[in-house]
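Subject: Salt bridges in the model

Hi,

Here is the structure I promised to pass on. Please have a look at it, and then read my notes below.

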Amino acid sequence: MMKRLFIITAACLLCAVGAVAQIVNPVKWKSAINMTDDTHGVISFTATIDDGWHMYSTEAVADGPVPTSVDWKELKGVKLDGGLKPDRKAQRHHDPNFGVDLSWWTGSVTLTQRFTVTAASYSIRGNVGYMSCNDTQCSSPAKEPFSFSGTAAPATAQTAADTASATEPDATAAPAADSVSQDQLWAPVKAAAGDGGSDTAAASASLWYIFAACFGGGLLALLTPCVWPIIPMTVSFFLKKSGGRAKSVRNAAIYGVSIIVIYLTLGLAVTAAFGASELNAIATNAVCNVVFFLLLVVFAVSFFGAFEITLPSSWSNKLDSATERTTGLLSIFFMAFTLVIVSFSCTGPIIGTLLVEAATMGSIAGPAVGMGAFALALAIPFSLFALFPSMLKRLPKSGGWLNTVKVVLGFIELALSLKFMSVADLAYGWHLLDREVFLALWIAIFGLLGLYLLGVFRFKSDGEPRQSGVGVTRFMLALASLAFTAYLMPGLWGAPLRATSAFVPPLSTQDFNLYGEELAQYSDYDQGMRAAARAGKPALIDFSGYGCVNCRKMDGAVLDKDQVKSAIARDFVTIKLMVDDKKAMPQPVYVEENGRQVELDTYGDLWSYLQRSKFGANSQPYYVVLDAKGQLMSGPAVYDENVDKFIGFLNNGLNNYKTNGSKQQQ
């Protein structure tokens, strides 16, 4: 399994530059319908596959690629006769990436499905799901929508584009105010320069957050038991290479750069594997977030001492022997690789946590920046050890304190795992981890951490109990943990807890609240715009997301401030649109975007499309002020925790509305 994972990662690295730089679409589809008599017909799906690419067959293989299949969303007035049939047999080959024999088509293939009409009219709708690869890369699993309708009499073939709705969605949206058409509400507007920052600034802030978090993770990794023994190994290795000062500086620099390159390569592999277009979907995908949750729980249990996560010992043995055999720059690189492999049992869980956070920020640069920061924190001290071997004498001796660091990290991993479970819970509306449940678990976790640091209980991995009492450092850490626990407790009764707003579920998920009601807001654009027209107020549109960390920060640091909250409640109608809401709409909507038909089947898809088509933006948080006709009064404002700047954005919108917007409604 590890060998297969290594091969796939290597393949992703080879195609990283080309694969993530553009959207790959090697398969083109044409769908048609043909009535063979008054009541029987055939639907055909013809795939044209680019040279050098292949599309996988309808055969499902465990641990294999996504097979070609048809998801029938709607079958009204018809019944299917038999199954999907290709016009030619798929070729069977051994796929080195998946390590199994797989069947696929090259060139072109036509799939047909027979059906019988059972009513005076019929309606057929669905998606063809498929996946394609070439020798060096694979496209993401994709779906091609189709839609047909007609009567029992012979009908003319139709394509999905012929039967799709217009570019402005109207299948699920209720009519707007009497004097305002829906076309006006959804019509694109030209956004002015951001009143609260810019998308570039928001992206930069997110990347700095990832950099800081991963750099801190690298510093924590230095204190783990698996990294500590590498220090004398490093010193011994570079003592053998002692020479002039210039040579020592060069060797130490090469060692540090090698560590950074190795870890940065891992970050690029994650980027190549996911791709920029998939990162935002991963951020709120139920399966991915549950897997992340379970992964971090496993890491936490490992840090508690239940088991140890290690790479095959043969890998480190081969690297050791390679280091001894080689000389010069190559031997230094192998020494850096040895550090990565030997320390993996402790750094692996930290890297996993950081990569998950970096990948789910929705930016292609996240994993690369994150791993670069982690590697930099790890490389700096080891480069200094290589340059000044005498520094080893000043380090404290390894002992039980290193295991304490691992256990503390285990508690932190356990707390962070709940964040990913919470994202899936919010996006899909399960209500398994509402705010009070989340807080109760965090109170228990950080309370137990404080008791552990005070020596109230121990894990088996801690060895014999301490005889000398609790040290000052442990006591101060325990004090901080217990104080944080006390800070969280009022949250069970509705306290805002602004310091944890980026992690804790929103107050709207809490049943019991003694601290006042939340700001009233609409979750549907058209309904909110009608309410704004009736109230004679401008509409504040808040494009947000359940998996958006910066959105939670803005809620806690800006929107929950009394002066901002009162201004919004008094002068605006608030419409909060979650672009990652997984709730299905009663009927999907088909839109034309960038020359391609796109199916919107969840409310999150609909609001994300609204943001892209009307405002030309796709990042969150994103705030605009509109009048009742959908015209821009102020904005956009993006992530910026400057309260005065956000109030200025609101005042600008209100003043423009009083000057222009209210007159337009009369």
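This is a predicted model: local features need pLDDT of at least 70, side-chain atom pairs count only at pLDDT 80 or more; totals for chains, interfaces and linings use all residues.

Residues are numbered from 1 along each chain as its sequence is written, and side-chain values use heavy atoms, with hydrogens and water left out.

Searching the whole structure gives 13 salt bridges (a side-chain nitrogen of Lys or Arg within 4 Å of a carboxyl oxygen of Asp or Glu). One of them joins D601 to K73, with 4.0 Å between the closest N and O atoms. D601 belongs to strand 15 (residues 596-602) and K73 to strand 4 (residues 69-76), so this pair ties together parts 528 residues apart in sequence. Strands here are DSSP runs of E, at least two residues, numbered from the N terminus.

D601 is buried at 16% relative accessible area, whereas K73 is partly exposed at 37%. Buried means under 20% relative accessible area, exposed over 50%, and partly exposed in between (1.4 Å probe, protein chains only).

Strand 15 also holds E599, whose partner K143 is in strand 11 (residues 142-151), 456 residues away. E599 is buried at 7%, and K143 is partly exposed at 42%.

Both pairs have their residues in a network of salt bridges that links D71, K73, E74, K76, R125, K143, E599 and D601.

Best wishes

Key
Helices (H or I, at least four residues) and strands (E, at least two) are DSSP runs, numbered from the N terminus.
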